[in-house]
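Me: I am new to this model and would like to start with its ligand. Could you walk me through its surroundings?

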Amino acid sequence: MSKIIAPKGTGDLYSPQIEKWQYLEEKIREYYSRFLYREIRTPIFEHSELFQRGIGSETEVVQKEMYTFDDKGGRSLTLRPENTASVVRAAIEKNLFNDMFPLRFFYIGPMFRYERPQKGRMRQFHQFGVEVFADESAQVDAEVIYTAMNFLDSLGITDIAVEVNSVGCSQCRPVYIKKLTEAAQKHEQELCTDCQRKIHTNPLRIFDCKKETCNELSLQFPTITENLCEECADHFSQLKETLELLSVPYQLNPRMVRGLDYYTKTAFEITSGQLGSQNAILGGGRYNNLIKELGGADVPGIGFAAGMERIILHLPDTIAGERKKKVILVAYRTPELRNHALKLCDTLWSNGACAFMDYSAKNLKKQFKKGDKIEADFTIILGEDEVEQETLSIKQMGTREQTVIKQEELEQWLKNNI
Ligand code: HAM
C-alpha cells in the first residue's frame, strides 16, 4: 500500500525540535506579560471576506496564497494567512474596546499561505504576534519595535537589523500614489506585466515585485517618506527620536511598503543575517483604518508578527538537553515485585518526580538497557530485601554511587536530589 505523507509545505514537530518550540512559547508568554500583553486565541479559519477586506484584494496574499474553500453549508471560508484581521474581528465582535484595558494582545499559532516551500518558508507556518489597540502615539510604535528587538536579543539572536518607514495616511497617500502612478506610467513598457496591472490597481505593490528590472526602476520612483503630510512626518520623527531614546539601532528604508494593505504611518521589518533568502524574521506596523474598515469604531492599532520557524532556526540544539528533567528508573528484580515497583512510581509521580518503569521486562539487565535509552539519572532497584526492610536502594547513574535510604525518607531525598 502506498505511504501517506504530510502535505507539501507542512511539517511534523517532535523531540528534540519540539523542545525548542516549547522553550520559545514560554519565553514569549513570560516576556510579553511584562508589557501587559494578554494572550488571544482566535479560530484557524474565518469568513474569506475578513481577509479580502482586511488585507486588501490586490495583495499577493489574497490574490495567490489563500487556502479558501466552501464548507458544506456553502460558506466561503479561509484558513487564516495572518492573524491581525482575526484579532481585530474578535475585538469588534466581543466589544473588547469598551471592556478591556490595556488593549494589548499576543498570539501564537499556525497560519496558512500557498507559497513555494523552501528553507524558512512553509505553507503551514507559525507566527507569534502582538497587537496594541487604542494608542495612536509614536511612542507606543517605538515600544513595540523595542520589544521585538529586545526579545530576539534575549533569545541570543543578535545578527539582526530593523528597517523602519512611514507609509503615510489617507491624507497624504493618495497624493503620493498619484505621483507614483505618473512616474510608473513613464516606464510602463519596461515593467513586468504584473506591475503594469498594479499601476492601475495598487501602484504601491510595485515595490513588492521580486523582478530585478522592476526593482531597479522603482529606485527612480518618488518615495512616500518624501511626500508625507505634516502629521505623518511629525509622527515619523517622534518615532525615530523615541527609538534613539530607547537605544534601538534602526535603518531607514523608504521603499519598504510591507505586503499587506492595511498599514498607515509606521511600518517596520526585522531581518536576520543568518537566514539566506527568506531573511524576514518579523514584520509589522500601524493600521489606523483597519478597525473602522472592518466595521468597528475609529480606533488605531499597531502590531507585528514573527515567523516562529525562522526564530527556531536560530536557537541552539542544546535547548532540548537543558530542558530535560531528572529521570528515575524504577527497576524490580523479579516479576512478582512489579506491583511494588508500580506503587513506588505512584509515590514518585505524586511528588512531582519523573519516573519510568518497564512493565514487560524479563530481567534487571533488560530494564537497565531501557534506563540507558531514557537517559535515567537515577535507578531505584527493588528486591525482596528492600521490600521487607522498607528501604530503597538508589543508584546515581553518572557517578555509579549507591545510597540506601528508608522509604519514609524518600520525600526528603527527592527534595535534595531532583
Ligand atoms: P507578514 O510580514 O506577512 O506580516 O508576516 C510576518 C512574518 O511571518 C514574516 O516576517 C515571516 O517571518 C513570517 N512568515 C510569513 N510567511 C511565511 C511562510 N510562508 N513561512 C514561514 N514564515 C512566514 C503579518 O502577517 C502581519 N499580520 C503582521 C502584523 C501584525 N502587522 C501588524 N500586526
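**Around the ligand**

Me: How far is a nitrogen atom of the ligand from the side chain of Y262?
Reply: An N or O atom in the side chain of Y262 lies 3.0 Å from a nitrogen atom of the ligand; a polar contact is a pair of N or O atoms within 3.5 Å. The model is predicted, with local features needing pLDDT of at least 70 and side-chain atom pairs 80 or more, while totals for chains, interfaces and linings use all residues. Numbering starts from 1 along each chain as its sequence is written, and side-chain values use heavy atoms, without hydrogens or water.

Me: Which elements give two or more residues to the shell?
Reply: Those elements are β6 (124–133), β10 (280–286) and β11 (301–307); strands are DSSP runs of E with at least two residues. The most comes from β10, which gives six residues.

Me: Which residues come nearest to the ligand?
Reply: They are E82, E115, M122, Y263 and A280, out of 27 residues around the ligand, where near means a heavy atom within 4 Å.

Definitions and conventions: Polar contact = N/O pair within 3.5 Å; in protein donor to acceptor, adjacent residues only side chain to side chain. Helix = DSSP H or I, 4+ residues; strand = E, 2+ residues; numbered from the N terminus.
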